[in-house]
Amino acid sequence: MNRPKEPITLIPFARAFAAAVLPLCMAMPALGGVTRYPAPAQAKLSGDYTVTVDGSPVDVYAATTHLRDGKYSYAYFDFSGTVTVSIRSKIPLNACRILPLSRGIVPHVRGDSVEFTLDRPVDLSVEPSGPNSPLLLFSNPPEAGAPKEGDPNVVYFGPGVHTPGLIRLASHQTLYLAGGSVVKGAIEAQGDDITICGRGVLDGDDWPWNKGPAEFMVSMDGCRRVTMRDVILQGSWYWTIVPKGCRSVTIDHVRVCGSRVENDDGVDVCNCVEVSVLRSFIRTDDDCIAVKGLDRKLPSEGLLVEDCALWTDRANVFRIGFECEAAGGMRSIAGRNLDVLHYPGRGADDEYWSTWVWYIQPCDETPMDDMSFEDVRIDNRDGAPNLIKIRPMVRTGWGWEGHRPGRHVRNVRFRDIALTGSTAEAAPGAVYVSGADAEHPVDGISFENVTRYGALVRDGSPSVLIGGYATNVSFTGPGGAAAKGDKP
C-alpha cells in the first residue's frame, strides 16, 4: 500500500460523508447522564448481545479471535452518577460472571437477561460461560475538552467510517477519534508533545497478519511527551502499541480488543524511559506487556503498569527481557493494582516458549535490576499451570543468533499476589527461579504474601523450584513474617 507523505486529515469523500451524516451520528445524550455513540452504518455489529443503559440502547460491535470460539463483542458509553445496565444474551447465562471480580459487580440473571448497576466508569468482561464469546463493556466519564475540528494542529476524525491507511503525526499534533468513528489504519508518531485521544475505534480488521499499512498499529519512534488516552484499538495485524526510543509516554485508559491474529502484543516498550500504562484494558493473543531492548545503546527503564485489566489468550501477561540485544539495561519496572482475567500458562519449566503471568528472561548480556509487582489478582478458572519464571536465557528461534544469557537479574519483589479460581492438581501456579551460570546469576528475589488458592507460597512449597545460581530468594507472609516449609 502506498503511504502518504503528509499527515492525513479527512480525505475528500470522508469529509463530504461526515458533513452529510454528522447531524445524525453525533453523540446522543440520554436521561440519567448517559452519552451513547451510535455505530456507523458500515460497522460490524454483534448478534450475540443487545445492551441498554438506563433504558437507552447502546450499539454492540463484533470482534474476532483466532482462538477459543472465534468471536467476542464490545460496547462503550459515557455516564455520570449511577446507571442500570441491562444485557440480553443469545448465549445461555447459567454460569455468568463479570470480571474483574475486584470491581464488585453483582449480576442479576433472569432468563436470557442480566442486569447490574454502575456508580463509576469501569471496564468489564461479561462472561456467560467462561472466556468464549464474552461482552467487553467499556464505560467512560463524560468527555471534556475535546479538540475542535479545523484546528491546524488537530487531525480530526468525526463519526463514521474512515479509511486513511496510514496517519503520520509530528510534533505538537493531536489525533482525535470522535465517539462513533471507526478509523481503519495505522498511526506513526515521530516528534515531541503528541496526543492521540478520543472515544472512537482504530480498526485493523481489514489487514491480514503482518501486512498492515505500517509495521505496527501504533508506532511512537524517538518521541518525547506522548499521551494516548481513551481510544479503542481493534484487531491489530501485528504488535499493537510500540514506543521505541521514547521518553515520557503515557498510555491511559486505552482499550485493546485484540487476539485476531498471532503476535499482536498489547504494549511493547522498546528502549524507552518513563512509560506509564494506566487504567487500560488489554486483550491480546500474544504478550499483554513486553519490555524489549532492540537498540544496544539505549536502556529500558521507568515502566509503570497500574490499575489495568490484562488478558492473553496464548502467551504471557508480562514478558520482560526477550529480544534484548545487549541493551543498556532494564530497570525500575513496576506493576500495581492489576487484574489478570485469563492466561494460558502452558509448557514445562525449562521450555523457552512456555508461558507465564510473569516471564522474566534477559538475554545477550542485558542486566536487569529493580522490579516490583504488587496487588495483583489472577483469576485462573482456566486452570493454567504456570505463574512466575525468572531465568537469564539465550535467545533462540526464528533465525536469531543469541550467544549468551542476560548478565543478571537482581532485586525483584512480588508482594500481595493472589492466584485464585482453581484448586485442580493441573493448576499449581508454578514458580521457577534460576540463574543460567555463575556469570549470569539471579539475586534478591522476594515473595511477600504470594498466595495460590488461599495457600501461602513458602520455601519448599509444591511446584516452587529454586535452581542453581539463584541467591537471596526469600518467602514471607503477611506483614513480613517468615514463610518456611509447606505447612503454616
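Which strands each supply at least two residues of the lining of the largest cavity? Let's find out in the viewer. This is a predicted model, where local features need pLDDT of at least 70, side-chain atom pairs count only at pLDDT 80 or more, and totals for chains, interfaces and linings use all residues. Residues are numbered from 1 along each chain as its sequence is written, and side-chain values use heavy atoms, without hydrogens and water.

**Stop one: the cavity.** Select Val269, Cys272, Val273, Glu274, Val275, Val291, Ser300, Glu301, Gly302, Leu303 and Ile333, which line the largest cavity. A cavity here is a set of points on a 1 Å grid over the protein atoms alone where a 1.4 Å probe fits but cannot get out, and lining residues have an atom within 4 Å of a point. The space inside is about 40 Å³, taken as that filled by probe spheres set on the points. Now colour strands E26 (273-278) and E29 (300-306): these are the two from the opening question. E29 gives the largest share, four residues. Strands are DSSP runs (E, at least two residues), numbered from the N terminus.

**Stop two: strand E16.** Next, select residues 181-189, where eight of nine residues are buried (under 20% relative accessible area, 1.4 Å probe, protein chains only). Glycine 165 has glycine 185 as its bridge partner in E16.

**Stop three: E18 and E19.** Show E18 (residues 201-203), which pairs with E16 in the parallel sense over three bridges; there, lysine 184 finds its partner in aspartate 203. Finish on E19 (residues 218-221), also parallel to E16 over three bridges, where methionine 220 is the bridge partner of alanine 189.

Definitions and conventions:
On a 1 Å grid over the protein atoms alone, a cavity is a set of points where a 1.4 Å probe fits but cannot get out, and a pocket is an open set with protein on both sides within 12 Å along at least five of seven lines; lining residues have an atom within 4 Å of a point. Buried means under 20% relative accessible area, exposed over 50%, partly exposed in between (1.4 Å probe, protein chains only). Two strands pair if DSSP finds at least two bridges between them.
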